[in-house]
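User: Please take a close look at one helix and what surrounds it. Then follow the chain onward.

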Amino acid sequence: MKEGRRLLPGEKAFGLLVLILSLFLSYHAYDIAGFSSISSAGTFPMVAAAVMVFCSLVVVWRNFRMPRVEADGFRGEMRRFAVEIAPLRPLGIYVGIIVAYMFAIEPLGFSISSLVFLFASFWYLHRKGLVFAAGLSIASVTAIYALFRVVFKVVLPEAEWLDLGPLGLGG
């Protein structure tokens, strides 16, 4: 007989957190333009937030019906969560990578800082080697740059010190 999936430590709390965030976003999406018209600025955010609320309700409902993983009470569950789901060392290192990216975007511009951020992310999280991380980073930044800068005509942050004229490689 096949045994059903059991909840991971912290899964119920995470589901509830996502539901609360979805409700918060729904409130602010409605705050944009209300139900003034189907083509108003708030329509898409309200639909997206409604989908988030519905999906998170389904997840929370399913989570509360599932059997828990055996743990030694709340402290045991939190210990398992910290070890199995969100170990502090890798989480802290990746938060550091994100913070470095936030500070690097202004002086380095979008393209260079995003390339370095994605390279560090793919290399650290995926562990498939430097060539894989470099190739995926270059492909990702190229696609994002082409989509936003060329297709949508969005001005991306540029590095002031890297003015390459019409090439615009700084951003």
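Analyst: In helix H1, Glu-11, Gly-15, Leu-19, Ser-22 and Ala-29 are buried. Buried means under 20% relative accessible area, exposed over 50%, and partly exposed in between, with a 1.4 Å probe and protein chains only. The cover over the buried residues of H1 includes helix H2 (43–65). Helices here are DSSP runs of H or I with at least four residues, numbered from the N terminus.

This is a predicted model: local features need pLDDT of at least 70, side-chain atom pairs count only at pLDDT 80 or more, and totals for chains, interfaces and linings use all residues. Residues are numbered from 1 along each chain as its sequence is written, and side-chain values use heavy atoms, leaving out hydrogens and water.

H1 covers residues 11–33, and its 23 residues should span 33 Å at 1.5 Å a residue. That expected span is 1.5 Å times one less than the number of residues. The end C-alpha atoms are 34 Å apart, which agrees. Gly-34 follows H1, with a positive phi near 65 degrees.

Two residues other than glycine also have positive phi. Arg-127 has phi near 55 degrees. Arg-127 sits in the loop between H4 and helix H5 (130–151). It counts as exposed because its relative accessibility is 55%. Lys-153 has phi near 60 degrees and lies in the segment after H5. Lys-153 is exposed too, at 62% relative accessible area. Most residues other than glycine have a negative phi.

Conventions:
Contact = heavy atoms within 4.5 Å.
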